[in-house]
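Dear colleague,

I am passing on the structure below, together with some notes on what was found in it. Please look through it before reading on.

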Amino acid sequence: MYCGYCRKNNPVEAIFCMQCGKHIKTMDRSEPSPPVQSVGPSSPSWMGRVAVSLSVFIWAIFAGIILWGISHIGRSLILLAIAALLAFALAPLIKVVERRMPRQIPRWVPIVIVYIVVFGILSTIIYFILKTVIIEVRELAGEAEQLFSSQGGSSSSSLLATLKSWGFDNSQIVKYPEN
Ligand SMILES: [Zn+2]
């Protein structure tokens, strides 16, 4: 047992240093270890580096799997979030309907009624929006078809006229290949 103060090598059972008289048991200083040689594949630090890089690699794979999973269930997560938001928004409405119902009616009845009404309104709105969008897209497609199928100079298309007013001529405007 080496003394922590004067470094004298004392017997193992010694409590006080034989040279300086200080308490050495509590120091618990053993012989200083020789410096670790960290060269070569058999050295422990090399093993440590392999272990660290291996665990980083495994964690990277794990993170990749998690990200892949999120990207694949992302759509259902969004749907779930919308459903939760809708339920949260509809809760007060359900309570209002519930209060106007007679006592003997079970609790699911107002919930079902509110959901049917709200989904009916929502789907009607979405239907009309989609209808408008589809009609506009069709009109645009028809206009584009008319533009590209018309014979260059005789065209009265508004888009072509606009392009011409900006200084384009027919050779610059790309046309659909004529059948
Ligand atoms: Zn000592």
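Which side chain has a polar atom 3.2 Å from the backbone oxygen of lysine 8? Asparagine 10 provides that side chain, and its side chain also reaches the backbone nitrogen of methionine 18, at 2.8 Å.

Before going further, please note that this is a predicted model, in which local features need pLDDT of at least 70 and side-chain atom pairs count only at pLDDT 80 or more, while totals for chains, interfaces and linings use all residues. Residues are numbered from 1 along each chain as its sequence is written, and side-chain values use heavy atoms, with hydrogens and water left out.

Not counting residues up to four places away in sequence, asparagine 10 touches Met1, Cys3, Cys17, Met18, Gln19 and Ile24, where contact means heavy atoms within 4.5 Å.

Cys3 and Cys17 also belong to the zinc site, in which the zinc ion is coordinated by the SG atoms of Cys3, Cys6, Cys17 and Cys20 at 2.2 to 2.3 Å. The 4 donor atoms subtend angles of 105 to 119°, which makes the arrangement tetrahedral (for four donors, all angles between 85 and 135 degrees). Along the chain, the donors follow the spacing C-x2-C-x10-C-x2-C. Cysteine 6 is partly exposed, with a relative accessible area of 25%, and cysteine 20 is partly exposed as well, at 36%.

Best regards

Methods:
Donors = N, O, S within 2.8 Å, 3.2 Å for Na, K, Ca; no water. Tetrahedral: all angles 85-135°; square planar, octahedral: opposite > 155°, others 65-115°. Buried < 20%, exposed > 50% of the residue type's maximum accessible area, 1.4 Å probe, protein only. Polar contact = N/O pair within 3.5 Å; in protein donor to acceptor, adjacent residues only side chain to side chain.
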